[in-house]
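Open the model in a viewer and keep the selection panel at hand.

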Amino acid sequence: MTSGRRPVNVGVVVIGRNEGERLKRCLESLGGVVGQVVYVDSGSTDGSVEMARAMGVEVLGLDMGTAFTAARARNEGFGRLREMVAGVAYVQFMDGDCELAGGWLHESATFLGEHDGVAAVCGRLREKHPERSVYNMLCDIEWDTPVGEAKACGGIAMMRADAFESVQGYRADLIAGEEPELCVRLRAAGWRIWRLGHEMALHDAAISRFGQWWKRTLRAGYAFAQAAHLHGAPPERHGVRESFSAWFWGLGIPAAVLGLVLGLGSGALVLLMIYPLQIARLAVRGGRSPRENWWRAGFMVLGKFPELLGQIKFLFHRHLGGESGLIEYK
């Protein structure tokens with residue numbers, strides 16, 4: 001990554017655990033382009049803490065006696081940054097497996113400075129190695145969101161510090177989906193979210209196995225269920241459409257077909273053709289290359305099953321008590 005101009009009143013919060021060389025590249029991408037960086041570590045055992053300190057970065061180790069979430073790590077990093085730099089106006093949140101794009105901090109801080117009503121901005125987040133697996137490629141497609149005003153941004157974004165603080169930051173108890181949930185509250189408070197057309201960062205997802213993709217998608221289903229629980233009422237309806245889709249495709253259709261098979265015989269199995277037909281419909285409507293469109297469509301439909309399991313996992317913890325641990329795919 002090339003260095004950009006150093007903006008004033010900007011700090012960076014990086015979170016991570018056992019990212020190793022990825023963290024080193026992340027911190028190197030910040031060198032010379034930002035004055036203050038806080039790295040929040042959640043119990044790394046690979047020397048990440050020592051490496052970050054050797055690079056001159058402020059390190060905050062989380063108390064592992066309290067349940068770890070990315071939301072909690074970002075909040076505590078923000079708090080430490082505020083203590084160190086009282087006048088910080090904008091905070092760039094980063095994950096330890098990302099590398100900042102040159103010029104991004106200047107572009108995003110300038111945009112926020114010129115648009116008082118905008119609380120958060122994000123740019124183009126790219127997967128570093130989309131060629132290494134179809135799962136990495138799917139991440140890159142997922143992150144290619146429309147430019148302009150948005151309903152939400154991801155965890156890699158620049159926040160207006162005062163706006164972030166005014167809504168008490170992230171909900172620290174959320175194990176997933178904390179970024180769009182924060183954006184719901186920001187928009188309810190009158191703030192706006194914006195997606196810029198500039199390059200923002202490279203992300204090294206490192207998803208090489210089907211099981212990793214399955215866990216990541218299950219986590220998304222859990223997040224959709226929690227979103228609908230928290231903000232599913234009109235007019236927001238946050239997470240409701242995604243939750244309905246998971247139940248419809250993941251359970252509704254299989255249950256209906258099973259019922260018809262029991263009542264009418266095995267001929268009713270032909271109704272399962274709705275799945276390949278849905279894949280074809282999504283692929284034809286895709287806006288990328290044919291290869292990308294078909295892979296994306298196939299995994300979108302297949303993903304309804306782990307999403308359903310995530311929904312069930314959330315309902316289990318909500319109604320039967322207990323807290324869900326992190327759903328990690330790395």
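Select Leu 260, Leu 264, Val 270, Leu 271, Met 273 and Leu 277: together they make a nonpolar surface patch of about 600 Å². Patch residues have over 30% relative accessible area and no salt bridge, with nonpolar side chains (Val, Leu, Ile, Met, Phe, Trp, Tyr) joined within 5 Å and like charges within 9 Å; areas come from the Shrake-Rupley method with a 1.4 Å probe, only the protein chains shown counting as cover. Met 273 is in the loop between helix H9 (240-264) and helix H10 (274-285); helices (H or I, at least four residues) and strands (E, at least two) are DSSP runs numbered from the N terminus. At 46% relative accessibility, Met 273 is partly exposed (buried is under 20%, exposed over 50%, partly exposed in between).

This is a predicted model: local features need pLDDT of at least 70 and side-chain atom pairs 80 or more, while totals for chains, interfaces and linings use all residues. Residues are numbered from 1 along each chain as its sequence is written, and side-chain values use heavy atoms, without hydrogens and water.

Next, select Arg 74, which is buried at 3% relative accessible area. Glu 179 forms a salt bridge with Arg 74, at 3.4 Å between the closest N and O atoms (a Lys or Arg side-chain nitrogen within 4 Å of an Asp or Glu carboxyl oxygen). Glu 179 lies in helix H7 (residues 178-188) and Arg 74 in helix H3, so the pair ties together parts 105 residues apart in sequence. Asp 95 also meets Arg 74 in a salt bridge (3.0 Å, N to O).

Conventions: Buried means under 20% relative accessible area, exposed over 50%, partly exposed in between (1.4 Å probe, protein chains only).
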